[in-house]
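Let's take a walk through this structure together.

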Amino acid sequence: MDESFGTGAREDLASTQEKVMSIVKKGISHIAVAGGYDSEKLPDITVLEDYFKIPVSVDAESRLHTNDKLDIEKMFRYLSFFFPQKSGS
C-alpha cells in the first residue's frame, strides 16, 4: 500500500488506518505499507498492528539515505525498533 511513488512522502496515521480498513474488509490479512516510514515514524506501525491484530510489513528505505548514500545511523535506529536492546545488555 503505497502512493508515494518513491518520493518518501508521508501519510498521516488516520488516513493509513482508513486505507488498511478498506483492505481488511475485503478479507486480506497481509498488509504492507510504504512511503516515508523511518525510525521516527515506525511506532505508527505498532499502532496499526495493535488496532487490526495483523502483522504489517514496512518499506522504509526511502528515509534511510542521506545524500543518496545509506545512512548507517538511520539504519541502526530503524533496525533497533524491530530488535530492541534487552534491559541490562
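The largest nonpolar core has 13 residues, and Val33, Ile45 and Val58 touch the most other members. A nonpolar core here is a set of buried Ala, Val, Leu, Ile, Met, Phe, Trp, Tyr and Cys residues joined through side-chain atoms within 4.5 Å. Buried means under 20% relative accessible area, exposed means over 50%, and partly exposed is in between (1.4 Å probe, protein chains only). Who supplies this core? At least two residues each come from β1 (31-34), α2 (43-52) and β2 (56-59), and α2 gives the most, with 3 residues. In soluble globular proteins, nonpolar side chains tend to be buried together.

Keep in mind that this is a predicted model: local features need pLDDT of at least 70, side-chain atom pairs count only at pLDDT 80 or more, and totals for chains, interfaces and linings use all residues. Residues are numbered from 1 along each chain as its sequence is written, and side-chain values use heavy atoms, with hydrogens and water left out.

Have a look around Val58. Skipping neighbours within four places in sequence, Val58 is in contact (heavy atoms within 4.5 Å) with Val33, Tyr37, Leu42, Ile45 and Tyr78.

Now step back to the whole chain. There are 3 helices and 4 strands, in the order α-β-α-β-β-β-α along the sequence. These are DSSP runs, numbered from the N terminus: helices are H or I with at least four residues, strands are E with at least two. Of the chain's 89 residues, 28% count as buried. Among contacts with a separation of 6 or more, 60% are between residues 24 or more positions apart.

Next, find Thr16 in helix α1 (residues 13-24). Thr16 counts as buried because its relative accessible area is 2%. Between Thr16 and Leu48 there are 32 residues in sequence and 8.6 Å in space, C-alpha to C-alpha.

Asp71 sits in the loop between β4 (69-70) and α3. Apart from residues up to four places away in sequence, Asp71 touches Leu64, His65 and Thr66.

Finally, on to Phe76, which has its place in helix α3 (residues 72-82). Is Phe76 buried or exposed? Phe76 counts as exposed, because its relative accessibility is 54%.
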